[in-house]
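Dear colleague,

Please find the structure below, handed over for your records. My notes on helix packing and on the sheet follow it.

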Amino acid sequence: MAGYYFDTKIFKATDVTDIFRKNTLIRGLAIRASLMRASFNIVKVDKAHNNSVVYLFGVDPIMSIYYFILFKSYRIKIVSERNELPIEIINNKHRIVSLYKRFLYPWLFKLFDGYSVISSQLQKFYSSYTGERCQITLLPMTVDFSRFENVLIDNNKDVKFIFYAGSLDQSKDGINHLIRAFLRVHKKLLNWELWIAGISDDSSDIVCSTIGDPDFEKKVKFLGLVSRDKIPALLLSSEVCVLPRPDSLQARHGFPAKLGEYLASGKPVITTNVGEIPSYLSKEEVFYISKDTIEVNLAETLLFVYSHYDQALEKGQRGRQKAYQVFSLQKNAEILRDFINGVISQ
């Protein structure tokens with residue numbers, strides 16, 4: 001029987017004092033120390049290491065070397081989930097990236113026995129460094145549909161709302177596009193508000209202060225950081241879910257996890273035609289807006305959804321069915337099982 005180990009939730013920020021949370025260097029050292037201790041406990045607990053695999057998430061170069069030395073000493077195979085490009089590439093650090101591509105990536109990505117990636121572009125990127133023996137599997141975004149069952153929602157609410165959840169960073173998910181598109185049409189969307197769940201109220205206040213329209217600002221509600229268990233109720237209570245992600249290197253190589261939960265709600269979904277989203281979803285299941293004219297297309301699509309809501313809701317239901325076919329836990333569990341068994345047998 002193979003042993004599968006996952007390093008998620010080994011360390012929590014709440015386990016340390018405020019000084020650890022505020023000091024980036026100390027926090028980084030504390031996290032690494034905790035991970036090292038937890039991973040060492042794995043090899044102590046599992047005495048029969050044959051056919052054992054450790055599954056890692058988001059590993060930096062220092063920890064990659066540590067894991068390689070530790071687990072390879074006990075003949076434990078290592079796989080890693082990579083759902084983004086390396087951070088230095090995303091942040092456009094050209095000089096560092098040039099050096100890393102020449103001196104770091106060619107050996108760093110060969111340390112592990114396999115990788116799971118969320119897009120074919122990432123599969124292409126990592127395979128250019130890993131070599132033939134390393135297995136790379138495409139593991140799409142996973143949606144737990146059970147989270148959307150037996151959820152209490154208010155069907156008699158006076159105010160209806162457009163919902164967005166995610167980063168308040170314009171370059172990543174297009175928060176400014178969303179607000180300005182809503183500004184264009186909010187007077188025509190009677191009793192519709194814009195509700196935004198994001199990681200920081202500070203950023204949202206800055207965005208909204210550029211509008212200078214008090215009546216409009218009353219219709220934009222910033223929810224701040226919303227806990228994971230409250231997201232399904234918000235999605236199911238909304239009228240439409242929106243993701244105006246701009247075209248970028250990050251968008252082209254990744255896949256937005258929030259999109260899966262949008263689809264699971266069965267509500268109409270508006271998203272940008274960017275990256276690999278069109279590889280999984282057609283215009284029969286989501287409303288696509290152009291990456292070149294996001295604000296204009298988004299405003300027009302919101303008006304269409306408002307005026308043809310029954311038709312839009314049918315598309316949302318088709319989107320939910322498609323998401324279950326390609327993103328469900330059951331579907332991805334099969335892919336992950338075959339991947340790990342392949343790594344064990346190599």
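Helix α8 (residues 175–185) packs against helix α15 (residues 294–307) at an angle of about 50°, their axes being 8 Å apart. Axes are lines fitted to C-alpha atoms, for helices over the stretch in contact, and angles run from 0 to 180 degrees between N-to-C directions. The two helices, α8 and α15, are therefore oblique to each other (under 35 degrees counts as roughly parallel, over 145 as roughly antiparallel, 65 to 115 as roughly perpendicular, and the rest as oblique). From α8, the residues Asn176, His177, Leu178, Arg180, Ala181, Arg184 and Val185 meet Ile294, Glu295, Val296, Leu298, Ala299, Leu302 and Leu303 of α15; contact means heavy atoms within 4.5 Å. Nine residues of this contact between α8 and α15 are nonpolar, two polar and three charged (Ala, Val, Leu, Ile, Met, Phe, Trp, Tyr, Cys and Pro count as nonpolar, Asp, Glu, Lys and Arg as charged, and the others, Gly among them, as polar).

This is a predicted model, in which local features need pLDDT of at least 70 and side-chain atom pairs count only at pLDDT 80 or more, whereas totals for chains, interfaces and linings use all residues. Residues are numbered from 1 along each chain as its sequence is written, and side-chain values use heavy atoms, with hydrogens and water left out. Helices (H or I, at least four residues) and strands (E, at least two) are DSSP runs, numbered from the N terminus.

The axes of α15 and helix α16 (residues 309–327) come within 5 Å and cross at roughly 105°. That makes α15 roughly perpendicular to α16. Phe304, Val305, Tyr306 and Ser307 of α15 make this contact with Tyr309, Gln311 and Ala312 of α16.

β7 pairs with β6 (residues 160–165) in the parallel sense over six bridges, lysine 160 standing opposite tryptophan 192.

Yours sincerely

Key: Two strands pair if DSSP finds at least two bridges between them.
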